[in-house]
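Below is a walk through one structure, beginning with the overall build of a chain and ending with single residues. Please keep the sequence and the coordinates at hand while reading.

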Amino acid sequence: MNSLMTLEHINMRFQKGGFFSKDRSVHVLKDIDLTIGEGEILALVGESGCGKTTLGKIITGLYVPTEGQIALQGESGETIKRKKRPLSFLQVQFIQQDSYAALNPVRTIYQSLYAPIRMHNPKWSKKQIDTKIDELMTLIGLQPAAQFLSKYPHQLSGGQRQRILMARAISLDPKLIVADEPVSMIDVSLRLSLLNLMSELNERLGIAFVYITHDLSTARYIARRGRLAVMYLGEIMEEGAMDVVLSHPRHPYTRALLKAVPVPDPDARSDEKLPLKSMELSGIEDRGEGCPFAPRCPYMTEQCERPVDYVVTEGVRIKCRNLEEVERLNAARPEGTDE
Amino acid sequence: MSEKQSVRSDPNGGKWGDFLSRAGSTFAALGRTIKNAFVKLFSNGQACAGFCIIIFFILLAIFGPMIFPYDVTTNFSMRFLPPSWEHPFGTDEMGRDIFRQLISGTSNVLQIAFYTGLITVAVGTLLGIISGYIGGIVDKVIQGLANIVLTIPSFPVFLMLAALFTIESPIELALALSAWSWAGLCRSVRAQVMSFRERDFIQICAVMRMSKFHIIVKELFPNIISYVLINFIVAVRNAITGSVGIMMLGLAAYDPTNWGSMLERARNIGLVNPKVIPLLLAPLLAIMVFQIGTVLLSNGMDEIMNPRLRVN
Amino acid sequence: MVENQIVQPHENIVEIEHAVIDYPLRRYTIRAVTDVSLSLKRGAITALVGESGSGKTTLASSLLRCISEPGILSGGEVRFYPAEGAPVEVLKLSPREIDRFRWEKVSMVFQAAQSALNPVYTVRAQFEETVREHGMKWSRERIEQKMREVFDYVKLDYDRVARCYPHELSGGMKQRVMIAFSLLLDPELIILDEPTTALDVITQDYIFSILKRINREKGISMLLMTHDIGIVAKFADYVGVLYAGRLMEFGSVFDVFRERRHPYTKGLIRATPSLIGDLEALKPIGGSPPDLRNLPQGCVFSPRCPYCTDACREREPDTAVQGGRCIKCIHGFEEYE
């Protein structure tokens, strides 16, 4: 697989504190290295506040990282100012979580779809654009198109609006779409069909997806042949092929996260406690040099307060010092991973 | 900006066709919007009543003088007549009919109010949008200016402006009145724009590389248009009070039938004189009814357009 | 009659019979809940699953008689069986009685814990206020003692949290404060409205382990509203499935999940991605969610149902009951696949 986008050493600090208080910067992303391959699906999973949405906005260019390099197909995105991003970065598009907020409430669906195509295809006639919009509507499965195009966002259901967002995102023929929790506000019975639609766009159009979510179950569904990156307090803790990570989670945080996900089968119930030392999420402000998960980690040792590097096994990279120890302790307790 | 260029660069000569069809669809959309606005307007009792009152005054200003022409000739034998069928509001100190004076002054009062509203809203909205969307140094300069204007009380400034320049037409008076009234609107429009700037549908425009022109004109402006309209009515309301005040103080005495001028004459004769009561009350009554109309309309529109107040 | 007979509390804590809840709007009336009969077992955790617009929140609010405006309960009965004393007809309580009934008998944990706490008061002040509003003449020491007890249940450090303002707490802590708050007056039933929707999985798991402990140790019954099938499977004892304001299926969680009967429940379980199991077996439910203003003729699920017959489109099916489980489907308990 050829790499499509590479993120190197991305750091993001937000300035906090106002006029009178002392300036403090919050380090929300720390040393993120990530490669997104052509046509692949990467699931970015983590709890709220782990920086996954910030990372998504950096990929789409809405935020400029404090440090680091972004390159799309070898072409560097000058990160100092968004304006300077080369136009090729139009190939990176964004699907937001709240489909109602993502569409202008006073513009019809047609207007919302028409404007971007018009802007970037100035030579097209209206008819060409209309044909394109028709194709998009067929692709996303809203038929007959005319019935939806004349409507305003509030006249559509959440699932339909989310489909419109997908149509808008693919209207500029992107190579990569960042989807930020696209189904979390959608009814359960419709989620699957939307995820299927995304898989279909991925397969038919070869569009790579970065699927940002806190829900591991949907991440597993959409990125079953893709990759999973687990984030915690601004760092990628574990990253590798989805099936490998899920069948054998190595990082203590990934282990806890997988245990916490409820399984829709009462026979799989267990009253087992999560392998965590503390349930409280430690603040992002007061983390030190070392592993951000250390304060909650049951396997923590003194070394964990020093900076950690990735360990790579079976194509999975893990940011943990005590992997062997964790492995040994878990093997000793025969509870098995979730199979 | 680049939208214009895009039209020009079309080599197939389809430029006009495309332009017309786009204009056509814009007009159709505008027509729909206006029709919807009226349907909504009449579904709200307050707004409907306010609208009717204002329409009544507009009609009065246009057709009133034709039906009840105002005769300026003085007739001292008819001074200070009490109200009667012939003179519904009585006569003034020179024997002229007050009712007809009032009607003849309506047009002037409304013109001043309308122009003031227009200038205030145009300047305030434009600066507000620029300030809120572009930000940075432009924002700082505009807001600095607006803050200066807001901290200096407006009425003395009206008085000073009116004294410095001889005011002889509604437009000039409107300019003097709007000079100090745009700042408040500018600040509130800026606040609105800034809240919209963080909204998802504006952010996605940046990802899709839409032009600033498109974002401001097509995405932002339609969202604040109702807010601007309500503020237009508020500006009109303030302009009436302001202009009548200036007129009453005799600072822009170019039209003797203006309601403010009528009040000024009543004041000159002496407000304790019971004979001037009709001359005093008639313009006050007219102002009051018109203000009630604007209050009803703006409140009603607020109810229609503000989803939080919207019933059902 | 034997005088010293120990009266066993009724096996149900709440019985809702034929509840109908309408929202009269200007042009039309929306029927949010249609003829729902439901019994909550004492000491059990009953879950109500449904998508948005299924009427689960509306139905639960009817227990506290706090259906949001302009909704009204146009029919049915709601009966509450306290552990001691005569059953309470909730709908016939006077406004004063209902005020006491809320929180002392039945309390609620809302979805938006963030906004349920008043931002300008400390946690302690809000607890004290509630005690006072319910006419309890507790001393400060007694309140503190009670607060320490309930804080202990939700694993919050009283000395640290009680004097905090809501904005100083994280989302998970706020939700735990809300749970502690609901325990304050020792209710017999707690209604949980999507208690973990805005929270992360780890926090969610933690909160449910706390709730489960409260349920086991204090014997408090719980009614949980959720849209998450996974939570139901992990946490609840009984489950009711709502669709377009109708109770489509009710039964013990194990029965419902093991012997899947109702096509909607079946579809819902099959449409829920999970960390285990075959991904290819997952299948979305076709069609779109029901529009309450324009419901289909016959069974409300018929347009989306793969087992729909002509009879389904004609007449709304009756509810078939068999050993504590009920199904509102024409196929009832027969095999039809």
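In chain A, 62% of the contacts between residues at least 6 apart in sequence join residues at least 24 apart. The model is a predicted one. The secondary structure of chain A consists of ten helices and twelve strands. Its radius of gyration is 21 Å, close to the 20 Å that the globule rule gives for 339 residues, so chain A is as compact as a globular protein of that length. The C-alpha trace of chain A spans about 65 × 55 × 45 Å along its principal axes.

Of its 339 residues, 57% count as buried. The accessible surface comes to about 14,200 Å², and carbon and sulfur atoms account for 50% of that area. Chain A carries 43 positive and 43 negative side chains. The centres of these two sets of charges lie 7 Å apart.

One local feature of chain A concerns its backbone. The peptide bond from A:Gln143 to A:Pro144 is cis, with omega near -10°. A:Pro144 sits in the loop between α3 (126–139) and α4 (145–149) of chain A.

Next comes the interior. In soluble globular proteins, nonpolar side chains tend to be buried together. Here the largest nonpolar core has 185 residues, and the members that touch the most others are A:Met137, C:Phe127 and C:Phe151. Leaving aside neighbours within four places in sequence, C:Phe151 is in contact with C:Val123, C:Phe127, C:Leu156, C:Asp157, C:Tyr158, C:Val161, C:Ala162 and C:Ala180. Another core, of 94 residues, lies apart from the largest one; B:Ile167, B:Met208, B:Ala286 and B:Phe290 are among its residues.

C:Thr130 belongs to helix α4 (residues 123–133) of chain C. Its relative accessible area is 12%, and because buried means under 20%, C:Thr130 falls in that class. Not counting residues up to four places away in sequence, C:Thr130 touches C:Trp103, C:Phe181 and C:Leu184.

Two loop residues of chain C have positive phi values. For C:Lys155, which is not a glycine, phi is about 55°. C:Lys155 lies in the loop between α5 (140–153) and α6 (158–161) of chain C. With a relative accessibility of 40%, C:Lys155 counts as partly exposed. C:Ala244, likewise a residue other than glycine, has phi near 50°. Its place is in the loop between β9 (238–243) and β10 (246–252) of chain C. Is C:Ala244 buried or exposed? The relative accessible area of C:Ala244 is 2%, so the residue is buried.

B:Glu219 is found in helix α10 (residues 212–248) of that chain. Its relative accessibility is 6%, so B:Glu219 counts as buried. Which residues does B:Glu219 touch, not counting those up to four places away in sequence? From chain A they are A:Asn104 and A:Arg107, and from chain B they are B:Phe201, B:Ile202, B:Cys205 and B:His214. B:Ser154 is 65 residues from B:Glu219 along the chain, and the C-alpha atoms of the two are separated by 34 Å.

Technical notes:
Residues numbered from 1 in each chain as written. Chains lettered and ligands numbered in written order. Predicted model: local features only at pLDDT ≥ 70, side-chain atom pairs only at ≥ 80, totals over all residues. Heavy atoms only, no water. Core = buried A, V, L, I, M, F, W, Y, C linked by side-chain atoms within 4.5 Å. Buried < 20%, exposed > 50% of the residue type's maximum accessible area, 1.4 Å probe, protein only. Contact = heavy atoms within 4.5 Å. Helix = DSSP H or I, 4+ residues; strand = E, 2+ residues; numbered from the N terminus. Rg over C-alpha atoms; globule rule 2.2 N^0.38 Å. Areas by Shrake-Rupley, 256 points an atom, 1.4 Å probe, with all protein chains shown as cover. Lys, Arg positive; Asp, Glu negative; His and termini not counted. Charge placed at Lys NZ, Arg CZ, Asp CG, Glu CD.
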